[in-house]
Amino acid sequence: MSGGSAAWIAAAGRPLTGRLRVPGDKSVSHRSVMLGALAEGITRITGFLEGEDTIATAAILQRLGVRIEASGEGERIVHGVGLQGLRPAEGPLDCGNAGTGMRLLAGLLAGQAFESVLVGDASLSKRPMRRVIDPLARMGARIDSEGGLPPLRIHAKSVLQGIDYECPVASAQVKSAILLAGLYASGPTTVREPHPTRDYTERMLSAFGADIDFAPGVATLRPGRALRATSVDVPADFSSAAFFLVAASVIPGSHLVLERVGVNPRRTGLLEALRLMGADLTVRPAGEQGGEPVADIEVRAARLRGAAIPEALVPDMIDEFPALFTAAALAEGTTIVSGAAELRVKESDRIAVMAAGLRALGAVIDETPDGAVITGSGFTANAASTPSESRTGRLRGGQTDSRGDHRIAMSLAIAAQCAAGEVVIDDVANVATSFPGFDALARGVGFGLRLA
């Protein structure tokens, strides 16, 4: 689904039951195909996310002279061209809706000896890029934009200067853009963060043979070493699993197992937040996959309670807040989210859009500049019953708008499972950017959900 304003009609289904595996991790998929392109040799990727965002990144690399074969569903064979092997493309490079793709590619392209122009769709064109433009400029890159927004014109620059950079915001995308640019720098590049963020890029650079040291909150890359092709087995995406973790927690009678989910500790803050609220979660480690720890996660419906979400968890669950807002709207008591101003500059202003969507269904939610105060309905007190038997604390049916934000669309679909009537969720086409086939997978485990 893309390029339109498709809608879902959602309503209470049945308790969520069974076992499922969600698609591959979007962050790992982006990085695996990028580093495979810059490596020497052939990189084989399994579990690659067949989403519009990651496909857009692969298409851009192909336009830059990299041969990438789709040998099967979720499989890519990347014929690396080496650090100096990319070639200029004619015309703009279209990132679609992929903020990760654009920010990381800006770093990768900043040290090339040719000019590139990165463009995106209407949503991406409103997302701030100054946070990557500024540090890359300090390294010597020259990037033109209108007010720090896409499109980005990246001028030719054969050698950058390594820097020691303290990020003003905790952002894995900013850190990754700087480290990728550091591959083309003279001298080491160090990135320091106010709070530790996901270390996917550091782990994968190391797996590809880069000279990099990293610990929570700091990474140093020393250039000059060729990247070596390797095999990458992409784990299931925790952010995609998060919708089912929340749904099975709030929909009465549910018992679900999510298989081989990536549980990088810089990604799984939602697990801690849900536990604070009383969720019934069991995490069973299942080794490593693609250099990332994976686990099977068992979740049962539980009587959730409101909680003050610690700000220290925010960087580790920034993409999961829309789903958490839904859990909070159905819990008993008040949930307080603060320190999450970053939500206002995602695919949408996720605080405002999620608040509006839940209010349309009768939820009580007050926005703050960096979060929200959510007074729950108490619906999850019915944990031992079934959705059809649950009468208290229900939201109401109605019409909502995801504003083209894939994570909000899926979070509102969860809320609709706990509503007294049908819910129309407008503008859901962009779900395909991160979670193709979500609606079919959701129906398979018990959601009441269909295209309008």
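Trainee: Which residues line the largest cavity?

Mentor: The model is a predicted one, and the answer should be read accordingly. The lining of the largest cavity is made up of Arg-31, Met-34, Leu-35, Leu-104, Leu-180, Thr-201 and Met-204. By class, 5 of the lining residues are nonpolar, 1 is polar and 1 is charged.

The secondary structure around this cavity comes next. Helix 1 and helix 6 (200-207) each contribute at least two residues to the lining, and helix 1 gives the largest share, with 3 residues.

Helix 1 also holds Ser-27. With a relative accessibility of 9%, Ser-27 counts as buried, because the cut-off for that class is under 20%. Beyond its neighbours within four places in sequence, Ser-27 makes contact with Arg-198, Tyr-200 and Arg-267.

The search of the whole structure finds 2 cavities of 30 Å³ or more. The second largest cavity has a volume of about 30 Å³. Its lining consists of Leu-183, Ala-210, Asp-211, Leu-221, Arg-222, Pro-223, Gly-224 and Arg-225. These residues divide into 4 nonpolar, 1 polar and 3 charged.

The largest pocket has a volume of about 620 Å³. Two or more residues of its lining come from each of helix 1 (26-38), helix 3 (99-109), helix 5 (172-182) and helix 11 (406-416). In total, 35 residues line the largest pocket, and Ala-170, Ser-171, Ile-318, Glu-342 and Lys-346 lie nearest its centre. The pocket lining comprises 10 nonpolar, 10 polar and 15 charged residues.

Gly-269, Leu-270, Leu-271, Ala-273 and Leu-274 are buried in helix 8. Among the elements that cover these buried residues are helix 7 (238-250), strand 18 (280-289) and helix 9 (321-330). After helix 8 comes Gly-278, which has a positive phi near 95°.

Notes. Residues are numbered from 1 along each chain as its sequence is written. This is a predicted model: local features need pLDDT of at least 70, side-chain atom pairs count only at pLDDT 80 or more; totals for chains, interfaces and linings use all residues. Side-chain values use heavy atoms; hydrogens and water are left out. On a 1 Å grid over the protein atoms alone, a cavity is a set of points where a 1.4 Å probe fits but cannot get out, and a pocket is an open set with protein on both sides within 12 Å along at least five of seven lines; lining residues have an atom within 4 Å of a point. Grid points are joined across faces, edges and corners, and a volume is the space filled by probe spheres set on the points. Helices (H or I, at least four residues) and strands (E, at least two) are DSSP runs, numbered from the N terminus. Ala, Val, Leu, Ile, Met, Phe, Trp, Tyr, Cys and Pro count as nonpolar, Asp, Glu, Lys and Arg as charged, and the others, Gly among them, as polar. Buried means under 20% relative accessible area, exposed over 50%, partly exposed in between (1.4 Å probe, protein chains only). Contact means heavy atoms within 4.5 Å.
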